[in-house]
Amino acid sequence: MRNKVNNIKSTISASRGFWEKALLKRVLLTCGILSSLYYVALNIVVPMFYEGYSYATHTVSELSAIGAPTRPLWVLLVTIYIALFVAFGWGVLQSATGNRRLRFVGGLIIAYSVVNIYWPPMHMRGVEPSLSDTLHIVWAMVAVLFMMVMMGVGAAAFGKWFRLYTIASMVLLMGLGFLTSLDAPKIPENLPTPWLGVWERIMIGIFLL
């Protein structure tokens with residue numbers, strides 16, 4: 001009789017542990033959706049505190065530029081996005097049982113988040129570039145490389161339609177990246193960049209999706 005009771009207790013305990021783990025994974029994966037929504041909200045709210053800032057002509061990086069009025073606010077609030085994305089990466093790792101590609105993507109998400117903890121800031125428009133601006137570009141290139149690899153390996157881990165969707169997304173990213181590269185050199189010279197913010201935000205939106 002005692003053995004039967006112990007077996008029942010063990011079964012209940014194991015079942016409870018299973019559902020707790022399942023719930024934790026669901027919460028962690030939901031953080032991926034929340035991170036994207038939060039980043040969009042961040043890009044809507046923070047520019048409101050930057051007089052003269054234009055969503056169409058200014059880049060996201062200019063919100064945290066050296067001397068920008070929004071730099072302290074952006075640096076503070078973006079840490080929440082990083083924390084949510086790390087949680088998402090951990091959720092992917094926990095869900096990738098037997099799927100090496102998906103497990104690799106989970107690790108990449110966490111590594112990408114670590115790289116994003118600190119970005120060397122750029123200067124505001126019209127200011128002569130320094131080493132910090134050069135490092136900012138290097139960080140951006142590394143971030144884009146992470147993004148492309150994450151998307152590519154992630155696509156390989158799933159079915160045909162997701163792969164086609166990802167390929168289309170990557171092609172769009174490369175095309176928009178080219179358009180962005182045409183206007184980016186104009187920032188230090190304070191020249192007009194009428195569509196730079198648009199191209200960059202579409203690129204970010206593709207990655208968030």
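Trainee: Before we start, what should I keep in mind about the model?

Mentor: Residues are numbered from 1 along each chain as its sequence is written, and side-chain values use heavy atoms, with hydrogens and water left out. As the model is predicted, local features need pLDDT of at least 70 and side-chain atom pairs count only at pLDDT 80 or more, while totals for chains, interfaces and linings use all residues.

Trainee: Thanks! Why is Asp183 called buried?

Mentor: Buried means under 20% relative accessible area, exposed over 50%, and partly exposed in between, with a 1.4 Å probe and protein chains only. Asp183 has a relative accessible area of 10%, so it counts as buried.

Trainee: And what makes Lys186 partly exposed?

Mentor: Its relative accessible area is 30%, so Lys186 falls in the middle class.

Trainee: Why is Met174 called exposed?

Mentor: Met174 has a relative accessible area of 52%, therefore it is exposed. Met174 is found in helix α5, and its C-alpha atom is separated by 8.9 Å from that of Met203, 29 residues apart along the chain.

Trainee: Which residues is Asp183 in contact with, leaving aside its neighbours within four places in sequence?

Mentor: Thr193, Trp195 and Leu196, where contact means heavy atoms within 4.5 Å.

Trainee: How many salt bridges does the structure hold?

Mentor: There are 2. Glu62 also pairs with Arg125, the closest N and O atoms being 2.7 Å apart. Glu62 lies in the loop between α1 and α2 and Arg125 in the loop between α3 and α4, so the pair ties together parts 63 residues apart in sequence. Both Glu62 and Arg125 are buried.

Trainee: What makes a space a pocket?

Mentor: On a 1 Å grid over the protein atoms alone, a cavity is a set of points where a 1.4 Å probe fits but cannot get out, whereas a pocket is an open set with protein on both sides within 12 Å along at least five of seven lines. Lining residues have an atom within 4 Å of a point. The largest pocket holds about 1400 Å³, and 48 residues line it, with Ser61, Trp119, His136, Ala140 and Glu200 nearest its centre.

Trainee: Which element gives the most to that lining?

Mentor: α4 does, with 10 residues in the lining of the largest pocket.

Trainee: What about the second largest pocket?

Mentor: About 610 Å³ of space lies there, lined by 26 residues. α1 gives the most to this lining, with 6 residues.

How values were computed: Grid points are joined across faces, edges and corners, and a volume is the space filled by probe spheres set on the points. Helices (H or I, at least four residues) and strands (E, at least two) are DSSP runs, numbered from the N terminus. A salt bridge is a side-chain nitrogen of Lys or Arg within 4 Å of a carboxyl oxygen of Asp or Glu.
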